[in-house]
Structures are given as C-alpha cells and as structure tokens.
Amino acid sequence: MLQVSDLKVEVGGVVLSEGISFTVRAGEKVGLVGRNGAGKTSMLKVIGGAAEPAGGSVRVEGGLGYLPQDPRLDLVPEDVTALRHVLSGRGFDDALERIAKLQAAMEADPTERNIDRYTRALDRFGMDGGYSAESEVRRLAAGIGLADEKLDLPLGALSGGQRRRVEVVRILFAGSDVLLLDEPTNHLDADAKAWMLSFLRDYRGALIVISHDLDLLDEAITRVIHLDRGGDLTTATMYEYKGTYSQYLSAREADEARQAKMIAQQAKEIDRLQTIVDRFGAKATKASMAHSIEKRIDRLKQSAPESSVARKVLKLKLPEPPHCARTVLEAEELAVSYPGLDVFEDVTFDAGRGDRVLVMGLNGAGKTSLLRVLAGLTEPVIGSFRWGSGVKVGYYAQEHEGIRAGKDLVAHMREASDGLGDGQLRSILGMFGLVGDKVFQDASTLSGGEKTKLALAQLVSGRNNVLLLDEPTNNLDPGSRTAVAEALSGWGGTLIVVSHDAEFVEALHPDRALLMPDGNVDHWHDEFLELVTLA
C-alpha cells in the first residue's frame, strides 16, 4: 500500500503542489495525468524517493519499484552486462560476486570453514530463487521485446531504447509491492506495449503510472488523479476520478463545461457591477456605494477560476529555414559497430532540400546510432557522409543528452542560438509554453515534456535548415504533440526523423523511408504507417 499525506513538492524554489493526500491500495491502478509542467514527474520522484518532499510524508508498505521518465544508468559501469544489472534488482549480482570470492578462497585453501561458508552461500542463493532468476529475467526481457542475446552484452553496447528496456525489466524483476512508472511504454514497439498492458492488468500490487499512451491509460488503470496547474507560478490542484481514462475524459469535460459556464456568469456579473460603478462613481452621493461595489469586483476577480481549456493550447510557428544547396546530404557505405556488436553496415542514401526521410527499423537496428553519426557525435567505423553547401544541422536527442544540470533555460538557448538576444530567446521559449521565472530554472529539474519543449526551442533558435529528430514527441501531452506535428509539417527545411508515433509521422507526410539496419531506401507509401509502431 502507498499512502501520501499532505505532500508538498517544490522544484527550484517554486511550489508545484501542496496539500496532496491520497492512498493507493493493493490492486488499485492509478493514472497520474495533467498537462506538461503540471508537476507529475516531480511528484512521482518525491513519492519514489528520488527527491525530498518540501512537506508532508509518503509511507510505503512492502517493496517499492520506481521507473523514472529518463532512467539514467550513469552510475552503472558500461562494462556491466545487461543481465547482471537486471539481477541487481534483487541483489543477486552481489550474491554471485560473493559466491565467486568464496569459491576462490575455498579452492585456494579448502579448509572445513571455507567449504562451509561456500556451501551456505550456495544454499542461501538457491533458497532466494537465485537459480531460477536468470530464466525469469530472460522471460521478462522476451516479453518486453529485448532480444535474448542483448542481455549478455555490456550496457555500453546497447541503444538508448534497449537500455531503457533493461531498466524496465530490472524494475519488474524486483517484484515490488508498489510500482511507480513514468512513461513505461516509451521506446516500446506494438508487441512490447501489448505485453506491458497485459502485465499491468494482471499486476496485483499498488500502481501509479504516468503515460501519454492512451491505450495503456484506458486498459490498465482503475482511477485517475489529475493535477491541474494553471501557470508556472501557480500551485497544482488535485482532482480524483474513478474509472478508466475514457471515463475520466468524459467527467473532466463535464467539469470544464461547468467551469466555463461559471466563468461566463462571473464575467457577466463583473461587467454588470462595473457598469454601475461607471454610472455612479463620479457622484459624491454614490461614491461610498461605488467603492463598495469595486471591492466586490476585486473579490470576484481574485476568486475567478482560470479556464483550463484556454491555457492548454500551444501554437508554434517555426521560422523559414535559410537557403541551402538542392542536395542536402550524401552518405556512402556507413557502418557502426561496438565491441561484440555490429550495429549496421553499408548504409548509403541521400536527402534533398525539403525532404522528409523517416528512419525505420526494429529496436537496436541502429536508428539512433545513424542520427548520432550524422550529428557528428559518433564516428562511423567505415564510410563517409557530406552535407551540402549552406546546410546547418540541428539534432534532437531522445535522451536529452544536451540538457545539463547547473544551467538555466536561457543559458541553454544562448548556446544553441544564432546570435539572438535574450528577449528573442525568451520569446521563443514562451512559444513553447516556457515562461516567467521558469526560464531561469535549472534545466535538469524540468519535467520530461518540458525538456522536450526546451530542446525543440533550441532547434528553432539555431536557424537550422536540416533537423535530425530522434523520437521528438516522447513525453509530450496530446495537445503539444499535435502542435509540434503541425508546425513541422508546414516547415520548409529537411527532416530526418526516427519516430514510433504513427499520428506524428502521418502529419509529416514523409517522402521516403530508410529501412535499418540494411539501409534500403523506398518511396513512402501509407502501408509503412502500419509498421511505424512496430519498428
């Protein structure tokens, strides 16, 4: 069971939410929803123990499993195998290391004491389920779409999507009584999503999940907690709804309709009272009455609810790209490999001005590796590529590697911009809904959706005419996802995109598909859309 009492969450000196109380019992499955920036991820971090509460308390009965939105494995050595990292979820990695040391000690000095210590360690390992652990890990990995051979590779040889799957497997393998999952289906193909939905439906513990995957929210939850935060200086209000996500949407729509009616009635009353003040305010005999009515108007304005519908709209307008050569990119016989793993080889393709190229392939096929080569972050083992005259390239990384701790949003924008002033940079940030004191916040403390918006804002400020986009709609709420798709579809530059989001891809109207790891190029046709979520 999970019990949250009077919780207060604060990031960068800004109170995101306070007075939050709720309980999640075994078998209850809660979807935590709200717009980007409402404070969902920050709250889950506090509940999961990754950040300290500014007030209140969190009580967990039993084991806790917490999957962050961007699980970083920076503290795990890259030469550790995926299997060993997953086994650490139950401490079996330490147990195996201890057994190996005891075995070495026994072989070097086979005394009765050393033999006994080694035997007891083996017995304990077996009683804890150690001998069946590896087969259980491989079963979970297969379900989530992580190929069996990937478990035996070092973490450093895995793609970002594969590493995230490894972390998901580790959390599930730990067998927690309470699960906190932040975007658990990011980077998962259709089969893996279906497996995850089935797992969560059958899960008997207490679950809180943040997700923009509507299928997951509709099929795997029994209750919704909605965080409604109007602006960056306001504090979120919590609303609870019983039932599925679709049922929540209907109930929320009814609430918002009632709220809109209340706002309209209140505005009408304010206008009526203001008319009285305007009519009688100048008369000395009526001055006292007018002053009293003005106070009433002020009270009405202060207590007036903010329209939650109006503030959700994100409108983006991208600047026209600078002119460049007709041929934007020529790549020949590119190959990338890591120790023990050949990612792809002999990839040859080109792109022209204004082209939309969708890079497709199964997880681990080298999509991200290819974009990192084109962005100049990774050297190909063999092969070469050449950008055309006048080309300026912007790269969006799915793991937000370019967003660093200790620097605020404006500083990030300065580094990426093409000589724009701070006023212009703040205007671009504002277009993405990043306004007020938010722009001076440490960028590493942003939510996943806000990091996505910052990274996209950086691309806009850079005056690029080629964009390399690696899963740019991950972590965005539906409204923001639609706004980004519409803005990019009307942009005149060249797009080379990796995405599992079928609606986003359809809005871009791709010209060609580059199929990895073989590097086959085909003209786009609508049948490819059926493969987007599988890729």
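The model is predicted, with local features requiring pLDDT of at least 70, side-chain atom pairs counting only at pLDDT 80 or more, and totals for chains, interfaces and linings using all residues. Residues are numbered from 1 along each chain as its sequence is written, and side-chain values use heavy atoms, with hydrogens and water left out.

Helices (H or I, at least four residues) and strands (E, at least two) are DSSP runs numbered from the N terminus. Strand β8 (residues 223-228) runs antiparallel to β9 (residues 237-242), joined to it by six bridges. Strand β3 (residues 29-33) lies parallel to β8, with four bridges between them; here Val30 has Arg223 as its partner in β8. Strands count as paired if DSSP finds at least two bridges between them. Six of the six residues of β8 are buried, so the strand is largely enclosed by the rest of the structure; buried means under 20% relative accessible area, exposed over 50% and partly exposed in between, with a 1.4 Å probe and protein chains only. Arg223, Ile225 and Leu227 point one way from β8, while Val224, His226 and Asp228 point the other way.

Helix α6 (residues 160-173) is also largely enclosed, because 12 of its 14 residues are buried. Among these are Arg163, Arg164, Arg165 and Glu167. The elements covering the buried residues include β5 (64-67), α3 (92-108) and α7 (190-202), where contact means heavy atoms within 4.5 Å. After α6 comes Gly175, with a positive phi near 65°.
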